[in-house]
Amino acid sequence: MVQVVATHVVLGELAQVVGGDLIDVVTIIPSGFCPAHYDLSPSDYAALINADVVLYSGIEPWVEKLADSTQEGALVQFRGAWNTPPAAAEKAAAVATALTERIPEGAATFAANRDAYVAELDALGEDLLAQAASLVVSEIPVVCMEWQTGFVSWLGFNIPVTYGMPESLSLKDLIDLARAGGEANAQVVIDNLQSGIEFGGKLAREVGAVHVVLSNFPGAMPHTATLIDLIRRNAEAMFSAIEPIE
């Protein structure tokens with residue numbers, strides 16, 4: 001059986017959904033860990049160098065350093081976000097393509113699994129965008145951590161202010177962002193769980209806004225066992241933070 005190693009849980013889930021029983025999937029980074037800060041264990045290293053296929057995003061600083069140790073042609077990179085239904089569908093299609101190139105006899109299975117998954121994502125996307133439209137979210141200004149801007153803008157929220165990694169921000173940055181958020185009449189400050197939430201909490205208090213924490217990885221929050229669960233939970237967290245506009 002083809003051994004597939006995914007660096008994080010999203011790629012691991014997509015590989016399992018698309019590959020089904022034709023592959024064996026090992027995921028390196030547990031939910032809740034930032035891939036950029038994860039330290040490999042000896043067993044992780046062994047899994048990587050023995051894998052037939054290694055799926056990674058490019059945010060893991062150690063993957064390409066191991067390129068000479070992995071099997072030739074094993075590394076497959078998937079750049080970009082996955083936290084909206086269209087982005088997740090794009091990643092599922094790319095995983096199906098990568099697996100088909102290595103296991104041509106599984107092409108029909110991979111295509112069928114991909115299509116079924118994409119149909120679920122399309123239905124989810126339609127449902128969430130309908131809810132967002134009913135709440136007129138385009139009229140709600142928010143302050144957003146940059147790693148969540150793709151999702152929040154996909155839902156249709158107005159994002160006049162963004163901020164970067166909290167570890168790189170100073171007290172002056174907090175003051176400046178709070179001023180900008182206040183001037184924009186921001187109603188919500190949106191944080192990214194994996195990058196730390198203390199800064200966003202302080203910023204929300206300064207702005208007088210609701211603090212909402214979103215995640216980019218399934219399993220790190222209750223009721224987010226899958227990527228589809230996560231996308232729905234993130235959207236529901238945003239919707240519950242606002243009041244319908246009359």
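Analyst: Six salt bridges are counted, where a salt bridge is a side-chain nitrogen of Lys or Arg within 4 Å of a carboxyl oxygen of Asp or Glu. This is a predicted model, in which local features need pLDDT of at least 70 and side-chain atom pairs count only at pLDDT 80 or more, while totals for chains, interfaces and linings use all residues. Residues are numbered from 1 along each chain as its sequence is written, and side-chain values rest on heavy atoms, with hydrogens and water left out.

One of the salt bridges joins E101 to R102, with 3.5 Å between the closest N and O atoms. E101 is exposed at 58% relative accessibility, whereas R102, with a relative accessible area of 31%, is partly exposed; the terms used here are buried for under 20% relative accessible area, exposed for over 50%, and partly exposed for values in between, taken with a 1.4 Å probe and protein chains only. D115 is paired with R114, and the closest N and O atoms of that salt bridge are 3.0 Å apart. Both partners are partly exposed, D115 at 42% relative accessibility and R114 at 24%.

The side chains of E198 and K202 also form a salt bridge, at 3.6 Å from N to O. E198 and K202 lie four residues apart in helix α7 (residues 198-207), and are therefore separated by about one helical turn; helices here are DSSP runs of H or I of at least four residues, strands are runs of E of at least two, and both are numbered from the N terminus. E198 is exposed, with a relative accessible area of 58%, and K202 is partly exposed at 36%. A further group, made up of K172, D176 and R179, is linked in a network of salt bridges.

Two packed helices are described by the angle between their axes and the distance between the axes. Helix α1 (residues 9-19) and helix α4 (residues 107-134) pack at an angle of about 120°, and their axes are 7 Å apart; axes are lines fitted to C-alpha atoms, for helices over the stretch in contact, and angles run from 0 to 180 degrees between N-to-C directions. α1 and α4 are therefore oblique to each other, given that angles under 35 degrees count as roughly parallel, over 145 as roughly antiparallel, 65 to 115 as roughly perpendicular, and the rest as oblique.

From α3, the residues P85, A88, A89, A92, A93, A96, L99 and T100 meet A107, F110, R114, Y117, V118, L121, L124 and G125 of α4. By class, this contact has 13 nonpolar, two polar and one charged residues.

Both α1 and α4, together with α3 (85-102), α5 (149-155), β7 (188-192) and β8 (210-214), are packed against by the buried residues of α8. Those buried residues are L227, I228, L230, I231, N234, A235, A237, M238 and F239. N234 has a relative accessible area of 0% and, leaving out residues up to four places away in sequence, touches F151, L214 and S215. R233, which is also found in helix α8 (residues 227-240), is partly exposed, with a relative accessible area of 23%. Neighbours within four places in sequence aside, R233 is in contact with V213, L214, M221, P222 and T224.

Technical notes:
Contact means heavy atoms within 4.5 Å. Ala, Val, Leu, Ile, Met, Phe, Trp, Tyr, Cys and Pro count as nonpolar, Asp, Glu, Lys and Arg as charged, and the others, Gly among them, as polar.
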